[in-house]
Amino acid sequence: MNSEQLEYFKELLNLRLKELAGEAERTVSGMTNYNDAFPDPTDRASLETDRNFILRIRDRERKLISKIKEALERIEDGTYGICEACGEDISEKRLIARPVTTLCIDCKSKQEALEKIRGH
């Protein structure tokens, strides 16, 4: 992968990292600004359901943040875009679709097929 492509992916990953950090900040400030005095238990339950949903999303985003940081480290150490399983280059199309990926499409397909057989 040439330096121009690496710079493109570095910018893409950093932009996504900033977006996720902003979402997390809005969630924290939004949850601390709620007035928790609900006379109707149904309203309270609805709020709690919404909060739990948002927290599940943020937890998934937290995991994505970790993957983004790992991808940025791979860019720095020169291993970005190389499949962890077979050592071949990961296609640019795949990296554009999923910039944090560590497996080429063939290895990922094999992994998913094995998971399906195992029932995971």
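Glu48 and Arg44 sit four residues apart in helix 2, about one turn of the helix, where helices are DSSP runs (H or I, at least four residues) numbered from the N terminus. The model is a predicted one, with local features needing pLDDT of at least 70 and side-chain atom pairs counting only at pLDDT 80 or more, while totals for chains, interfaces and linings use all residues. Residues are numbered from 1 along each chain as its sequence is written, and side-chain values use heavy atoms, leaving out hydrogens and water.

Glu48 and Arg44 form a salt bridge, with the closest N and O atoms 3.3 Å apart; the term covers a side-chain nitrogen of Lys or Arg within 4 Å of a carboxyl oxygen of Asp or Glu. Glu48 is partly exposed at 27% relative accessible area, and so is Arg44 at 29% (buried is under 20%, exposed over 50%, partly exposed in between, with a 1.4 Å probe and protein chains only).

Nine salt bridges turn up in the structure. Another one pairs Asp59 with Lys63 at 3.6 Å, N to O, again four residues apart in helix 2. Here Asp59 is partly exposed at 30%, and Lys63 is partly exposed at 45%.

What about Glu61 and Arg58: buried or exposed? Both are buried. Their side chains meet in a salt bridge of 2.8 Å, N to O, and the two residues lie three apart in helix 2. Arg58 and Glu61 also belong to a network of salt bridges that links them with Glu23 and Arg26.
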